[in-house]
Amino acid sequence: TGDALQEPVDVAVAADGALLILDAAAQGVFRLEAGGELAPIPLQTGFYHPRGLGIDNMGNMAVADTGGGRVAIVEPDGTQAGQFGGQGSLMGRGQPVDALAAEGVLWAISAEDGRLWNLNSGGSMTVVQPTGTVDGPQLAGLADGRLLVSDPARSTFLLLAASGQPLGQFAYTGELVTPTGIAATRIGDGNVIAVA
């Protein structure tokens, strides 16, 4: 399976439990089945060095098409259902690097301006220090609807309410140099956070 992947940058779990892998260099999404078979999802849209992937509760993919300056919404069969941003837009100039569907809201974050985007309302606010797209911030949703945002430039994390309002920040001083990728899951009464 390693031969098909060139630069895997993000993963998400599909509604049926399959692992989806976004590859920036191959500019596509691959599906890894339980038996280990890796297959590209036939897409009816193209990407230019995408960096982030999220899945909504309907199984649609939200792809942060970084080079395309947009977040593309792609149905499970590969059909493009819509997009936010685009070349020349404010989001496009900020270079979106991740997308997340949480509590019925589609979020995106852009690297070069550090903005968090509520794609449902079109609103945005600066939440993290600007970075380049390779080490750009990433999003994770907590079980209770709150959001986590990595802030690679400051080696910190921002905790946000489900509405996107900042609640606080935290760091693992001396342990993490440039935390980018982030995921969270609930185990028992607490949250476990994984950081790349």
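**Strand pairing, buried side chains and pockets**

Strand β2 and strand β3 (residues 28–32) run antiparallel and are joined by 5 bridges, where strands are DSSP runs of E with at least two residues, numbered from the N terminus, and where two strands pair if DSSP finds at least two bridges between them. The structure is a predicted model, in which local features need pLDDT of at least 70 and side-chain atom pairs count only at pLDDT 80 or more, whereas totals for chains, interfaces and linings use all residues. Residues are numbered from 1 along each chain as its sequence is written, and side-chain values use heavy atoms, with hydrogens and water left out.

Within the pairing of β2 with β3, L19 stands opposite L32, and the hairpin of these two strands has 4 residues between them, with Q27 taking a positive phi near 55°. Strand β2 also pairs with β1, again in the antiparallel sense and over 5 bridges. The hairpin of β1 and β2 has 5 residues between the strands, and G17 adopts a positive phi near 95°. Strand β2 (residues 19–23) is largely enclosed by the rest of the structure, because 4 of its 5 residues are buried, that is, under 20% relative accessible area with a 1.4 Å probe and protein chains only.

A further antiparallel pair is formed by strand β15 (residues 156–160) and strand β16 (residues 166–171), which are linked by 5 bridges. In this pair L159 stands opposite G168 of β16, while the hairpin has 5 residues between its strands and G164 in the turn has a positive phi of about 100°. L160, which belongs to strand β15, is buried at 0% relative accessibility. Apart from its neighbours within four places in sequence, L160 is in contact (heavy atoms within 4.5 Å) with L116, R146, L147, V149, Q165, P166 and L167. The C-alpha atoms of L160 and N191, which are 31 residues apart along the chain, are separated by 15 Å.

R70 lies in strand β7 and is buried, with a relative accessible area of 8%. Its side chain makes a polar contact of 3.1 Å with the side chain of T45 and reaches the backbone oxygen of G46 at 2.7 Å. T66, in the loop between β6 and β7 (70–74), is likewise buried, at a relative accessible area of 3%, and its side chain reaches the backbone oxygen of P96 at 2.7 Å. When neighbours within four places in sequence are set aside, the residues in contact with T66 include Y48, H49, P50, R51 and V97. Q138, located in the loop between β12 (123–126) and β13, has a relative accessible area of 9% and is therefore buried. A polar atom of the Q138 side chain lies 3.2 Å from the backbone oxygen of V97, and among the residues that Q138 touches, not counting those up to four places away in sequence, are D10, R51, V97, D98, L148 and I182.

The largest pocket has a volume of about 960 Å³; on a 1 Å grid over the protein atoms alone, a pocket is an open set of points where a 1.4 Å probe fits, with protein on both sides within 12 Å along at least five of seven lines, and its volume is the space filled by probe spheres set on the points, which are joined across faces, edges and corners. The lining (residues with an atom within 4 Å of a point) comprises 44 residues, of which L53, G54, I55, A99 and L100 lie nearest the centre of the pocket. Strands that each supply at least two lining residues include β1 (8–13), β5 (52–55), β9 (96–102) and β17 (182–187). By class, 26 of the lining residues are nonpolar, 12 polar and 6 charged, with Ala, Val, Leu, Ile, Met, Phe, Trp, Tyr, Cys and Pro counted as nonpolar, Asp, Glu, Lys and Arg as charged, and the others, Gly among them, as polar. The second largest pocket holds about 150 Å³ of space, and its lining consists of A14, A15, D16, L20, R31, I41, M58, G59, M61 and P76, which divide into 7 nonpolar, 1 polar and 2 charged residues.

Technical notes: Buried < 20%, exposed > 50% of the residue type's maximum accessible area, 1.4 Å probe, protein only. Polar contact = N/O pair within 3.5 Å; in protein donor to acceptor, adjacent residues only side chain to side chain.
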